[in-house]
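Trainee: Could you go through this model with me, starting with the surface and then moving on to the aromatic rings?
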Amino acid sequence: LKLSQERASYFFFIGLLMIAIFGCVASGAPRQGFYGIIFVWVGILIALFPPAFMTSKWLNVGLTLFFISLCSSLLPRSFASIQSWRTDLESLGLGTGNLISPHPTATIECLIIIGSILIIGLCSLGHRMNRKGFLKIATLFVIAVATYAVFAILFVQNEWSWGWNPNDEFGFFANRNHMATLMVMGSLVGVGSLIIYLKQKNWTAGFLTLLATGIICWSILGFSISRSGLFLFISFQIIWFLFVFKKNLNHKLATSFIVLFCLACILFFLSDNNLENRLEELIVKKETDSELSNSEKKSNYSDILGLRKYIHSDTYQMIESEPWTGTGLGTYEFIFPFYKKEINTYHPRSSNTNFLHPESNWLDLAAQAGILSTVLALVCILPLLILTLLKNRKSRSWLLSLSCTLSVFSILIHGIVDVPGQKIGIVMSGILLIGISLKTSHSQDKVSPRYVTFF
């Protein structure tokens, strides 16, 4: 399509937003059809609106090394250390193949998914938005998340059924924490957009953004039952305020933010909802089970982690056995049962439960792809976020850039105790937000050659 660079980038991010929301709505859809639809849309989007600029060489090299490290589990099994679980299986006459990964098909499928996400991420970084377009896309993201929350609330209150909804809880994710992560991202971007509209005295757009942000905050405080979501919401709003208070907010705007934030907290604690009840159960120490009270080791764990503390402990042993290559992407649920010691000892009721992941994105990556993959992922992501902040610190869109960057940070932080990074809708939302936050630099940006579009 023959469009100007800024207009092409605008349509690209609109399309990416649609893909991200679809990924959130259809999270529980059949796997093959879901990813088929996602990647067909991604292919069409890139073909119509290819990246206009090249990405930094250090990022290209880092992501290439990261992807190569993910493939290390497809090496011959002789490259791996002694795999006790493999020995046990083969002693029973069960074959485990000649590669490090016992399920190379699942590993290759995961590699295709991750590779496609990396491509769309690089294409996103190859587009540039002007300040006006940046604000428009960010506002549309907030409105889309708020609309998603409204439908989720209606489904919960009216007990409607949805074929792709894996549970009856608030949101269309299988896990309440994933919904909370998306809402936290929407609330951060909403606050940043709202303040800019107020400074511009654009009352109509400000009212729409305020309404959408209010719905998102209401859904977090009134309908979500995720404790980690509440923690992320409060902590990241405070972090955002501390960053922008001195130089970017006048007395009236700062006072308004504090008053609204305090009112939201007061309404939450005065209301009667499931999340408040869960917090009370956490704060008020209740009688423990007789089995738990008789063990000194069990008391060493923090109660807030719940069952995660046992899963993490056993996953550490799994990582220790295969620190460099991992067991192979897509193999955690098959191999983890051989390392279930803490769970079997301190939580016998979960001994027969099938665990799909270790309740942590970072542990999941280290266990299945090795420690090096985790380090490379951090080396690529953290500098990108920090550089985005530094480039925008003197921009007139600093408030919104900070909101978008903190939204991506919330995924990384939540990934310590959960797996929001496994949900493609949340990942696409993060790619969208960091992509629109990049500031145009005519002296440093290099035009993308034609062969990149062909690739």
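Trainee: Is Leu-378 buried, partly exposed or exposed, and why?
Mentor: Bearing in mind that this is a predicted model, Leu-378 counts as partly exposed because its relative accessible area is 31%, which lies between the 20% and 50% cut-offs.

Trainee: Which helix is Leu-378 in?
Mentor: Leu-378 lies in helix H17, which spans residues 371–392 and supplies the largest share of a nonpolar patch, namely 5 residues.

Trainee: Which residues form that nonpolar patch on the surface?
Mentor: The patch is formed by Trp-58, Leu-378, Leu-382, Ile-386, Leu-387 and Leu-390, and together they have about 470 Å² of accessible area.

Trainee: Where in the chain do Phe-11 and Phe-49 sit?
Mentor: Phe-11 is in helix H1 (residues 5–25), whereas Phe-49 is in the loop between helix H2 (31–48) and helix H3 (57–70), so the pair links distant parts of the chain, 38 residues apart. Phe-11 is partly exposed at 30% relative accessible area, while Phe-49 counts as buried at 10%.

Trainee: And why is the pair of Trp-218 and Phe-223 edge-to-face?
Mentor: Their ring centres are 5.2 Å apart and the planes stand at 80°, and an angle over 60 degrees counts as edge-to-face. Phe-223 is buried, with a relative accessible area of 19%.

Definitions and conventions:
Residues are numbered from 1 along each chain as its sequence is written. This is a predicted model: local features need pLDDT of at least 70, side-chain atom pairs count only at pLDDT 80 or more; totals for chains, interfaces and linings use all residues. Side-chain values use heavy atoms; hydrogens and water are left out. Patches are made of residues with over 30% relative accessible area and no salt bridge: like charges are joined within 9 Å, nonpolar side chains (Val, Leu, Ile, Met, Phe, Trp, Tyr) within 5 Å. Accessible areas come from the Shrake-Rupley method with a 1.4 Å probe; for residues, only the protein chains shown count as cover. A salt bridge is a side-chain nitrogen of Lys or Arg within 4 Å of a carboxyl oxygen of Asp or Glu. Helices (H or I, at least four residues) and strands (E, at least two) are DSSP runs, numbered from the N terminus. Buried means under 20% relative accessible area, exposed over 50%, partly exposed in between (1.4 Å probe, protein chains only). Rings of Phe, Tyr and Trp (its six-membered ring) pair if their centres lie within 6.5 Å; planes under 30 degrees apart count as stacked, over 60 as edge-to-face and the rest as tilted.
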